[in-house]
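Thanks for coming. I have one chain to go through today, and I will keep to what can be computed from its atoms.

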Amino acid sequence: MLGRWLVLAALLGPAVLPRMPALSAHDRVLVIAPHPDDESMCCAGLLQQALKQGASVGVVWITAGDGFELDAMLVERSLWPGSAGMRRLGAQRLREAQTAADELGVPRASQYVLGYPDRGVLALAGDFYSRPYRSKYTDSSAVLYAGALSVGASYTGANLERDLERVIAEFRPTLVLAAAPQDRHPDHSASGALARRVLERRGELGELHYWIVHAPNWPRPLRLEPDLALAPPAETSALAWESLPLTEAERARKLAALRDHRSQMQLLAPFMNSFVRANEIFAPAR
């Protein structure tokens, strides 16, 4: 039954999906972003609306996005950026993400960098939960970015989980936004599972809502279409999606935030722009 509902939603637009309940000044919204730029694609509109209601907002970046080799080639203007080039890319992506978060009104004090290995989050949840993981991109086995929560901490799942729980305990969110289990990027699905585990242990699973960025042939069309509705991908029919309509001004500011991710827009502009739509979608975890 829910699958038919989602097909109808894709045809008719965001009005068919239930509307996400409004936020209030008492809310505290935390976006868990696997990489710098995910927060702008998934949640830029919601962050703006939360601030308008007087809510508190924060973003935590799990990784620095330092495993995107093709991007590093462009940024470094080299076919062989090497580990030093990958580290420079990570630092640049974090700077861009902070600029985008500034654009959206997220206070610097509520912008948290964890700095664990890009394309390594799933490994940290498994074989490297207790023993250090070494990134084949940066050649590092410990958090290396200045300003990260635990600079020098070994790349282990236990340390990542500890740092994320520390952020959650400090920020005290009433709404946590994390990647859905169906998100095809392993860093995304693994970070969403980590958020779920931490919140469940704390007895706060009801605060968790999912978003999605990576799904087969989604979103479509792959271009800037701010007046079109964003409907959930078919693979996520098990989730009870809700729609958050965005104003024209909110869409414009979301686009501005996406453009702050300059290194990513060089390669991924059509994909990233396709998230600037008439709405954003979220689903409560169950």
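I will start with the chain as a whole and then go through some loop residues.

First, the ground rules. This is a predicted model, where local features need pLDDT of at least 70 and side-chain atom pairs count only at pLDDT 80 or more, while totals for chains, interfaces and linings use all residues. Residues are numbered from 1 along each chain as its sequence is written, and side-chain values use heavy atoms, with hydrogens and water left out.

Now the overall fold. The chain has nine helices and seven strands; these are DSSP runs, H or I of at least four residues for helices and E of at least two for strands, numbered from the N terminus. Its radius of gyration is 18 Å, close to the 19 Å that the globule rule gives for 286 residues, so the chain is as compact as a globular protein of that length. The radius is taken over C-alpha atoms, and the rule is 2.2 Å times the number of residues to the power 0.38. Along the principal axes, the C-alpha trace spans about 50 × 45 × 35 Å.

How much of the chain is buried? Of the 286 residues, 57% count as buried. Buried here means under 20% relative accessible area, exposed means over 50%, and partly exposed is in between, with a 1.4 Å probe and protein chains only. The accessible surface comes to about 11900 Å², and 54% of that belongs to carbon and sulfur atoms. Those areas come from the Shrake-Rupley method with a 1.4 Å probe; for residues, only the protein chains shown count as cover.

On contacts, meaning heavy atoms within 4.5 Å: among those with a separation of 6 or more, 78% are between residues 24 or more positions apart.

On charge, there are 31 positive and 31 negative side chains, and the centres of the two sets lie 1 Å apart. Lys and Arg count as positive, Asp and Glu as negative, and His and the chain ends are not counted. Each charge is placed at NZ of Lys, CZ of Arg, CG of Asp or CD of Glu.

Next, the loop between α5 (121–125) and α6 (157–171), where S141 is found. S141 counts as partly exposed because its relative accessibility is 23%. Which residues does S141 touch, not counting those up to four places away in sequence? They are Y133, R134, A153, S154 and Y155. With R134 there is also a polar contact, side chain to side chain, at 3.5 Å. A polar contact is a pair of N or O atoms within 3.5 Å; within protein, one must be able to donate a hydrogen and the other to accept it, and residues adjacent in sequence count only if both atoms are side-chain atoms.

D139 lies in the loop between α5 and α6. D139 is not a glycine, yet has a positive phi of about 60 degrees. At 43% relative accessibility, D139 is partly exposed.

V151 is in the loop between α5 and α6 as well. With a relative accessible area of 51%, V151 counts as exposed. Leaving aside neighbours within four places in sequence, V151 is in contact with V143 and Y145. The C-alpha atoms of V151 and L114 are 8.4 Å apart, and the two residues are 37 apart in sequence.

Another positive phi is at R172, about 55 degrees, again not a glycine. R172 sits in the loop between α6 and β4 (175–179) and is exposed at 54%.

Now the loop between β5 (208–211) and β6 (242–245), which holds A215. Is A215 buried or exposed? A215 counts as buried, at 14% relative accessibility. Beyond four places in sequence, A215 is in contact with R184 and P233.

Where are the cis peptide bonds in this loop? One joins W218 and P219, with omega about -10 degrees, and P219 lies between β5 and β6. Another runs from R220 to P221, with omega near -5 degrees; P221 is in the loop between β5 and β6 too.

Last, A109, in the loop between α4 (82–104) and β3 (111–116). A109 is exposed, with a relative accessible area of 66%. A109 and G58 are 51 residues apart in sequence and 8.4 Å apart in space, C-alpha to C-alpha.
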